[in-house]
Amino acid sequence: MLEKYGHGGDLRSASELFGIAEGELLDYSSNMNPHGPPASFKTIIERYWHDIIHYPDPVQRDVIAAIASRHQLAHEQIIVGNGAAELIDLVVRYIKPSKAAIIVPSFVEYEQAIVKAGCELVTIETSEATQFMPTREQLSRVIDECSPLLYLLGYPNNPTGTLLPIEQLLKLLDSGAYVVVDEAFLDFHPDEDRLTMFQWLNRYERLFVIRSMTKFYAIPGIRLGYMAGANQHIQAMKQLQSPWSVNSLAQKLGAAAFDETAYIAKTKAWLVEEISWLTGELEQLGLQPHRTVTNYMLVRLTEQINVNSKQLQQEMGMYGVLIRDASTFRGLTDRYIRLAIKDRTSNKKLLHILEQILKRHRREGWQG
Ligand SMILES: Cc1ncc(COP(=O)(O)O)c(C=O)c1O
């Protein structure tokens, strides 16, 4: 299986498994901006050669200034990390609640961070029947009966691509709990600035908002994320971080990223169009893509299709196309896969290969 180390995007394992060179694989198992990094990043990287003999800025001044200006935050409210993954781990270690709650299914690192910190895990189970959203009654029950001290939530959620209503997040905050909102994929949303939870930081001292720069700017190999929260908590968490955990290249790219206004606009426009096109095409193949607000889709293998997520991953892999077997997410069965959304040429290739494979696994009576 492709997720033997817990995540999609593991090209090395895929190459070993399918006997195909890493550079020839088409990766739909991790969710990056298909435009690749902005062109200006290449220039920064080329010049960077001269800087590697120096330590990075230990307090990340330039990148923090850029983040503060982008989201209208005070510098003291911001901490930068070696990817959002470091900050998820750090914030749970810092709060160390007796009980912490997650929505199921969600990003596997949430549960792992909670378990690693020795906290009791509370799960809020969702399913397709409620569009993978918790109901209001369900949240009230969790607050009243379990009283978790921390909620760790994807906004949008991974792998479902759903966005919790802000009222639900505020309800959790009003219960007095800490709420960590992972906005790793929110920057793909055209309405990002209206939806972001950054705007509530001044009201709620127990709110933390995490962002990743690896997905939108297509630099997962560099590692860069940030988190904002109340000044006193952020300063205390900095004390728990390893020194120089954010390398100088990541800091330089992060400081330049928000100036890429044309790239940002192009990415947001591409996604709106591609979600709608790809959804229609997948439905034509007899698949059931779940409605998404971001650059991946949870897709159900319908009754007409006589293949499970593991077999399909294996067969697609033989053609050099990697998909995420979503049965590895707690709460999902082997009737679900997750697909990234890429550029039209790649998406056509994905659809063509899917079509070839699904033809062989169609149950009798399908009229597609
Ligand atoms: C929902 C979510 N949050 C955070 C991360 C981690 O992002 P980063 O690459 O910035 O560590 C991922 C990575 O896949 C993710 O899916």
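In this predicted model, Ile-78 has Ala-228 as its bridge partner in strand 8. The strand to which this pairing belongs, strand 2 (residues 78-81), runs antiparallel to strand 8, and the two are paired over 4 bridges. Strand 8 also pairs with strand 7 (residues 207-212), again in the antiparallel sense and through 4 bridges, and within strand 8 it is Tyr-226 that stands opposite Arg-211.

| Strand paired with strand 8 | Sense | Bridges |
|---|---|---|
| Strand 2 (residues 78-81) | antiparallel | 4 bridges |
| Strand 7 (residues 207-212) | antiparallel | 4 bridges |

How do the residues of strand 8 (residues 225-228) point, and are they buried or exposed? Gly-225 and Met-227 point one way from the strand, whereas Tyr-226 and Ala-228 point the other way, and all of these residues are buried.

A helix pair forms the second topic. Helix 3 (residues 61-71) packs with helix 10 (residues 248-257) at an angle of about 25°, the axes lying 8 Å apart. Because angles under 35 degrees count as roughly parallel, helix 3 is roughly parallel to helix 10, and their crossing is left-handed. Helix 3 contributes Asp-62, Val-63 and Ala-66 to the contact, while helix 10 contributes Gln-251, Gly-254 and Ala-255. Sorted by class, the residues of this contact are 3 nonpolar, 2 polar and 1 charged.

Key
Residues are numbered from 1 along each chain as its sequence is written. This is a predicted model: local features need pLDDT of at least 70, side-chain atom pairs count only at pLDDT 80 or more; totals for chains, interfaces and linings use all residues. Side-chain values use heavy atoms; hydrogens and water are left out. Axes are lines fitted to C-alpha atoms, for helices over the stretch in contact, and angles run from 0 to 180 degrees between N-to-C directions. Angles under 35 degrees count as roughly parallel, over 145 as roughly antiparallel, 65 to 115 as roughly perpendicular and the rest as oblique. A crossing is left-handed if the near helix is turned anticlockwise from the far one by less than a right angle, and right-handed if clockwise. Contact means heavy atoms within 4.5 Å. Ala, Val, Leu, Ile, Met, Phe, Trp, Tyr, Cys and Pro count as nonpolar, Asp, Glu, Lys and Arg as charged, and the others, Gly among them, as polar. Buried means under 20% relative accessible area, exposed over 50%, partly exposed in between (1.4 Å probe, protein chains only). Two strands pair if DSSP finds at least two bridges between them.
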